[in-house]
Amino acid sequence: MLGKLDWSAIPIDKPIPLIAAGVVLFAILAVLIWAGVKGHYPYLWREWITSVDHKRIGVMYVLLAMVMLLRGGTDAIMMRAQQTVAYHSNGYLPPEHFNQIFSAHGTIMIFFVGMPFVIGLMNLIVPLQLGVRDVAFPTLNSVGFWLTATGALLINVSLVVGEFARTGWLPFPPLSELTYSPGVGVDYYTWSLEISGIGTLVAGINLVTTVLKLRTRGMTYLRMPMFCWTTLASNLLIIAAFPILTATLAMLILDRYFGFHFFTNEAGGNVMMFMNLIWAWGHPEVYILVLPAFGIFSEVVSTFSSKVLFGYRSMVLATMAICIISFMVWLHHFFTMGAGPDVNAIFGIASMIIAVPTGVKIYNWLFTMFGGRVRFAVPMLWSIGFMVTFIIGGLTGVLLAVPPADFLLHNSLFLVAHFHNVIIGAVLFGAFAGYTYWFPKAFGFRLDEATGKAAFWFTLVGFYVTFMPLYVAGLLGMTRRMQHYDVAAWRPWMIAAGIGTVLLAIGVALQVLQLFVSIRRRDELRDTTGDPWDGRSLEWATSSPPPAFNFAVLPNVTGEDAYWRVKEHARRQDLDKREPDYKDIEMPRNSPTGFVCAFFATVMGFALIWHIWWMVGLGAVGAFATFVVFAWRDHDEYIIPATEVARIDRTNLAARRAALDLAGIAQ
Amino acid sequence: MTETTFAYAQGDPHRLRGIQQAEVAHEGPAPKRIVTAYGFWIFLLSDIVMFSCFFASYAVLLGQTAGGPSGAQLFDLRSTAAETALLLLSSFACGLASIAADVRSARWFQAAMALTCVLGLGFLILEAREFADLVGRGAGPTRSAFLSAFFTLVGCHGLHVSAGVLWLLTMMAQVYAKGFRADILRRMLCFALFWHALDIIWVAIFSVVYLIGSGA
Amino acid sequence: MNIFDPQGPIAAADATILVDSVAIMLAIVVPTIIAIFAFAFWFRQSNPRAFYSPDWAYSGRIELVVWSIPALTIILLGGVAWIGSHQLDPAASVQGTGSPVRIQAVSLDWKWLFIYPDQRIATVNTLTVPVGVPLNFELTSASVMNVFFVPQLGSMIYTMNGMVTRLNLRADREGTFQGLSAQFSGDGFPEMGFDVHVVSPLAFPDWVKSTAQSDRVLNADSYAELARQSVVTDKAAFRLDDVRLFEKISTQKLPPGPGPTLVTESAQSYLGAGHAR
């Protein structure tokens, strides 16, 4: 009746997961009950859950990412603690638990922290920067978000019901095949990622179509902000790469569920094929994560140097070059599989070639600061921290791209340090920079500066104290994923990394604290003009937060740094007093399609994992019915009458004029 | 349409005819119909990437018959030819349905869609029979890696056709209930693109899987 | 297990390339990092002496330099990579003194089996080799992927079931070193460390002779015992009955190792007791 599911799936005899599950369940229940008692549900349903507004969906993506950062970070703390104490000792985490933790840590950080964070920021900002009202497919956008949330939910359910994969964040066969992983862990992994993969693909289609087909009048490709270019490149990669993940995990699922032989040891399965397929997705994936971060840094460095971005066309060329080359380097993840010197060398050289456009970007940011007036606001601190940290990570990456060096360092802690170096240094720092930079736009008040700076310094120093020792440990021969070890030489570096982890944890805690402090102080931190940083692109031309329709009248763009030109023009012309010609605006209607569809996807996913076939059928019918109901809708849009548009816009313009009056307009 | 072609041919795609102030480099956001079709094309490209993975795995595992039967021993090319004919004809019928939608003829639309459905179902029935026959002969997907790859690639296409049939029936119901509304016409455009794309993928399948696979 | 303390030519060459590559890159990276700090500091808003060119956005000369620096570095490193990959190809044989020793390594769950087909002996979790002699490894796995790695002797290589990978090493100094698996392979993975004893060319045949007198025999049955998922603490030594045992393992005539046999009473169903093979 319930497939493989029975009471033994709940970890009553294992204290650590039991306590963890208890804490999480308690936290979730507390939030749900508090929201209910305060009467927030109608508001939440109407304004957020069923919202198809890209700004709301973007915020929800980022919120998901930050919550999952706490879970992934907790996994990290547990791993570092184990490796600090597990010298000539079994530590406090038995192997089967430690192995789940490092697998969950990687999976969560990449798929449910990194991806949602950058997709959320792109969703929030790109339509504003392009001067349009929403993304190309607003309801699909909501579906994509909620499917991603489904994936995150399923992974967290594995903590309470059953187990998670014990294979690492990429389930290499034959270890991930049914023979060697008979439990439900790998199934939680595969179904969670198949479902959230659909969400990611949907986001990719949406953002590519938005950038290519939905730009305001006059905004040619070479007048788009850099963040839009990196959004384009990253989402092209999503469209080209994520189907590979879908197909490969599908093959693994077929092996596990139906006894197929894609990757089994028996009957001709080919383990090397899995390696090639999964890394053909895996390498573009890291560029999917890092390109939006590069875009954020272009925006931030330019704004906080009060200077136009240096070498715009060069940056565009470099971005598209990275996009294309990222598909040609995947073999560097398995130089040691024995492909032969020619193949190894070619892929090694290709991997180095990608360092060229990346280096060009760093130099262009450098020369953006040159001749500028640099303000060390929190986003700029993250950017400078990124530039230094990423260069070091890039150096170790190019080093690993030299096959003979990789022959000594593959899968070691040197590798672990390298990829954390580039992911934390670029993606996480970029996410925090973008979060701080665009927070006022989303919510109407800035984040508290003091806690932000403290969070930055603890995170920066904590990163170096944690990961530089790991480089050393790797050079001393320590391999990754060791639940315990006996080599005395590694011990001091594990202890150092443990200390660094404490600093990093404080950094993350300060980020959370910053949010609470800022909410409490929000009236002092209020952004009344919509342009708190003296920005250069069109999102700063709207109020904070923008009205539902973003722009009362779509702007007319005549050059790069669209909003900067508007401001220069306004300053010179004493702010044009003529009012635009207000018209009725059609906006897409909210829809519960995304949420309901994701509900059925969760049911299906859970049922597939536990082999509850009748529930799978129910879920599938429900999901299909949801789409039919959506298709039957008669009114896709609602009208905001011109008078209402005018009223909202006049209020915003008045606030903006007041601020410019204070600043003094006349030259 | 001739006006547009003429304008492009004369190097004046925005039909400015030399008016200075009309020289806007970019007109603004594209209309809904174009945006919808564009997004769906991109989805189709992503689907083709997924199929390429299955094609790749088929190519890699072609020789891995684990002592069992190979393509040459299994494939019945007459059945494949019949499936191909059915699918190609169904694409033609789908084209007729698109034209009927263009001229807003509900009767011809429903008839053409019904024909598309019947031909598509015919394809699926033949394919299901082929699969059942193979399984019955001990050449099911669990027999060898080659067969796993075969069943997955061809089966994935079959699943897409099945989903297409469900979509087709939904479109017929939509037009019956609500007529040729703008959003329904956009969805019909997407459906037609999907159905034709499945046809193209089938051509690749019968070339790579059946024709080349028979020689292996 | 220090990579910078190589005990053989392969490890030494790998490590040299590593150091050289880092040095080449540091030559670019260090000035760039200094420039980042310098520019950010000099052009800070509170510095009245810094000039301000808000619209300066392009310089052909700078672009040329900025594209050339990484490109030239990469060309240099690319050459290092090409030459190094070919010279240090794991399958390329290594020169040495004396006749080469063939070692067939099998990674099992969770131990290493080293078969010496020419000497008709086999050992578990301990590798004894003569100094200065070329070592020809053929490697396979009994079950899941592993990686054979002795950091002080040189390059690592994957082991995969149903396939044979090749590695050539040489140890140039006597002593005892450590090896491990560098690919996570399950719950017993941390136990896959092994000793590498490098002995004199005179001591080696003595060791072979004494091992060949072991009362334990490695054949299909004892191999099946080893292939079960377990962690071993004794460094067993065997006589080798069947010289073609490795071939049988690597061509799957001897089937791959079985997966977990479930011993915990709780969570039987979701761990797959019903699907035990």
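Reader: What share of the 667 residues in chain A is buried?
Author: The model is predicted. A residue counts as buried if 20 or more other C-beta atoms lie within 10 Å of its own. In chain A, with its 667 residues, the buried share is 64%.

Reader: How many helices and strands does chain A have, and what is its radius of gyration?
Author: Chain A has 20 helices and 2 strands. The globule rule gives 26 Å for 667 residues, and the value for chain A is close to that, so chain A is as compact as a globular protein of that length. Its radius of gyration is 25 Å.

Reader: What box do the C-alpha atoms of chain A fill?
Author: The box is taken along the principal axes. Its dimensions are roughly 75 × 55 × 45 Å.

Reader: What part of the contacts in chain A with a separation of 6 or more comes from residues 24 or more positions apart?
Author: Take the contacts in chain A with a separation of 6 or more. Residues 24 or more positions apart account for a share of 84%.

Reader: Which element gives the largest share of the side of chain A that touches chain C?
Author: Start with the totals: 85 residues of chain A are in contact with 83 residues of chain C. Several elements of chain A give two or more residues to this side, including H4, H9, H10 and H12. By class, the side has 50 nonpolar, 26 polar and 9 charged residues. The largest share, 10 residues, comes from H11(A).

Reader: Which residues of H11(A) and H2(C) meet, and how many in the contact are charged?
Author: From H11(A), the residues include Val356(A), Tyr363(A) and Phe367(A). Among those they meet in H2(C) are Trp67(C), Pro70(C) and Ile74(C). The contact divides into 12 nonpolar and 2 polar residues, and the number of charged ones is none.

Reader: How are H4(B) and H5(B) oriented to each other, and why?
Author: H4 covers residues 77-102 of chain B, and H5 covers residues 106-136. Their axes come within 8 Å and cross at roughly 160°. Angles over 145 degrees count as roughly antiparallel. H4(B) and H5(B) are therefore roughly antiparallel.

Reader: What is the handedness of the crossing of H4(B) and H5(B)?
Author: The contact of H4(B) with H5(B) has 18 nonpolar, 5 polar and 3 charged residues. The crossing of H4(B) and H5(B) is left-handed.

Terms used
Residues numbered from 1 in each chain as written. Chains lettered and ligands numbered in written order. Predicted model: local features only at pLDDT ≥ 70, side-chain atom pairs only at ≥ 80, totals over all residues. Contact = placed C-beta atoms within 7 Å. Helix = DSSP H or I, 4+ residues; strand = E, 2+ residues; numbered from the N terminus. Nonpolar A, V, L, I, M, F, W, Y, C, P; charged D, E, K, R; others polar. Axes fitted to C-alpha atoms, helices over the stretch in contact; angles between N-to-C directions. Parallel < 35°, antiparallel > 145°, perpendicular 65-115°, else oblique. Left-handed = near helix turned anticlockwise from the far one by under 90°. Rg over C-alpha atoms; globule rule 2.2 N^0.38 Å. Buried ≥ 20, exposed ≤ 12 C-beta atoms within 10 Å, placed from the backbone.
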